[in-house]
Structures are given as C-alpha cells and as structure tokens.
Amino acid sequence: MRPFWLAVGFLTTFPVPNLGEVKDGEMKAASAFYPLAGYLIGGVLALVAWLTTALPDGLQGAILLAVWLACTGMLHLDGLLDSADALLSMKPPAERLRILGDVHMGSFAFGVGFVVLLLKWQLLASSPSPWLLLCLPALVRFALLLPMNLFPAARKEGLGARSREGRVFLAFVFALPAIYFFPWVALAVVVAMLLLASWAARRLGGGLSGDVYGALVELGEVAGLLVGVWWIKYEM
C-alpha cells in the first residue's frame, strides 16, 4: 500500500499515513497509482456536484472549482503558472529553465492562469455529468504518464525527474473503467497532453520538468471537460 499512499499524498491534500522519507525508485512505483488518486479527487467532485444540484449553475461551478483546487492543494495550478512564464518567454531554453525555478510570477502566469480558471469555471457551470467528474481526474493522471515516459527530464534533479518512467501498464489497468465509459474524452486528453508536452519539450531543449507536468494536468482537465460537456450535450 505504500506506493498507493505516496501517490495520494503527492497528488492530493487528503490525509495519508506517515510515510517517512521517500526512497529512490518509490515515486516511480507510486506513479502506477496516479489514476486511483484521480478517482479519489473525482469522487469528491461527483459528491459535491450532486449536493449542489439545486444551486444556480454559476455558483455550483464556482464551488466545484474551489473544491477541485482544494483537493490538489493547487499543486498543478502552481506548475501551470510557472510553466507559462517560462515557456512563453522569448528566451533560449537555458534561460527558460532558469525562469521555471523562479518563485516570482510574471504577466504570462497571471494571464494564462486567469484564462484556464475562467474556462474551467464555465465548463463546470455547464453541469457536467457527475460520472465525468469522477472519471476525468483519473484519465488525466493516467495520460500524464505518457509524456513522463516519452520525454527526458529537463533537469537531472527534482521530483519530476524522480517520477519519470513510471508503471504505465498498471496505471492503464486502473484507468480502464474511465476509458471505457468516456473513450472520446480519454482520446482528447491523451492527444492534447502529448501535443502540449511535445511543444513544451522543444521550448526547454528537449525535456520536461515537474512544473510542466502540473501544467499538462491542468490543461488536460480543461480539454477533457470541453469534450465531455460537448459530448453530453450532443448526445442529448
């Protein structure tokens, strides 16, 4: 159970047992359980969506967005903001890597962060299916393992480098129920995240960092919500 608890402790703010020091190779093992951590986040979102059904759409969307951010401790949003400043700057790759490590936020971070949060709020205000909310975080966290394995680490040190080359097959098994019920959403998430990862890797000289992984999660969730909301409306 230790790899599972590591995944939950890393990707969420949910309480986990005291795990002590993380040893070499444990984060790679924990990556197999990323989809399960996603289901936990999705379960909370689905429950909140059900409890707030009677509220106005905009208010329900705002509550869901706040709960989503609370469940992840804004881990991925922080990566998105740092990545926006670095990847959109007109600098050489080495300078972009330096910007990634800068704790200060620039105009790109504020602009991209505002747009992504606004999109997410609007999509959540469109009353997405609670089943979509349950499955989407798991789909995105499985899809994240693909660029983590396909692209080298932008830095040799750091949590992003320690998490690479995870156990994709086991994660795929855990994500299968979500893929089965939302195949088009899964496809959109995988394609969007791989395209964004390829672009980011070129901007950073060939590799990806932990901050970029966070950005991929945030943008993958937006892509999944877009397709999921559209598909539900189209089917209806």
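The lining of the second largest pocket is made of 12 nonpolar residues, one polar and no charged. Here Ala, Val, Leu, Ile, Met, Phe, Trp, Tyr, Cys and Pro count as nonpolar, Asp, Glu, Lys and Arg as charged, and the others, Gly among them, as polar. Keep in mind that this is a predicted model, where local features need pLDDT of at least 70, side-chain atom pairs count only at pLDDT 80 or more, and totals for chains, interfaces and linings use all residues. Residues are numbered from 1 along each chain as its sequence is written, and side-chain values use heavy atoms, with hydrogens and water left out.

Who supplies that lining? Helix 5 (75-87), helix 12 (183-203) and helix 13 (210-235) each give at least two residues; helices are DSSP runs (H or I, at least four residues) numbered from the N terminus.

Now for the rings. Rings of Phe, Tyr and Trp (its six-membered ring) pair if their centres lie within 6.5 Å, and planes over 60 degrees apart count as edge-to-face. That rule gives six aromatic pairs. One of them is edge-to-face, joining Phe-4 and Phe-33 at 6.3 Å centre to centre with 75° between the planes. Phe-4 sits in helix 1 (residues 2-11) and Phe-33 in the loop between helix 2 (26-30) and helix 3 (34-51), so the pair ties together parts 29 residues apart in sequence. Phe-4 and Phe-33 are both buried (under 20% relative accessible area, 1.4 Å probe, protein chains only).

Tyr-180 and Phe-181 also pair edge-to-face, at 5.1 Å and 85°, but both of these residues are exposed (over 50% relative accessible area).

Notes:
Rings of Phe, Tyr and Trp (its six-membered ring) pair if their centres lie within 6.5 Å; planes under 30 degrees apart count as stacked, over 60 as edge-to-face and the rest as tilted.
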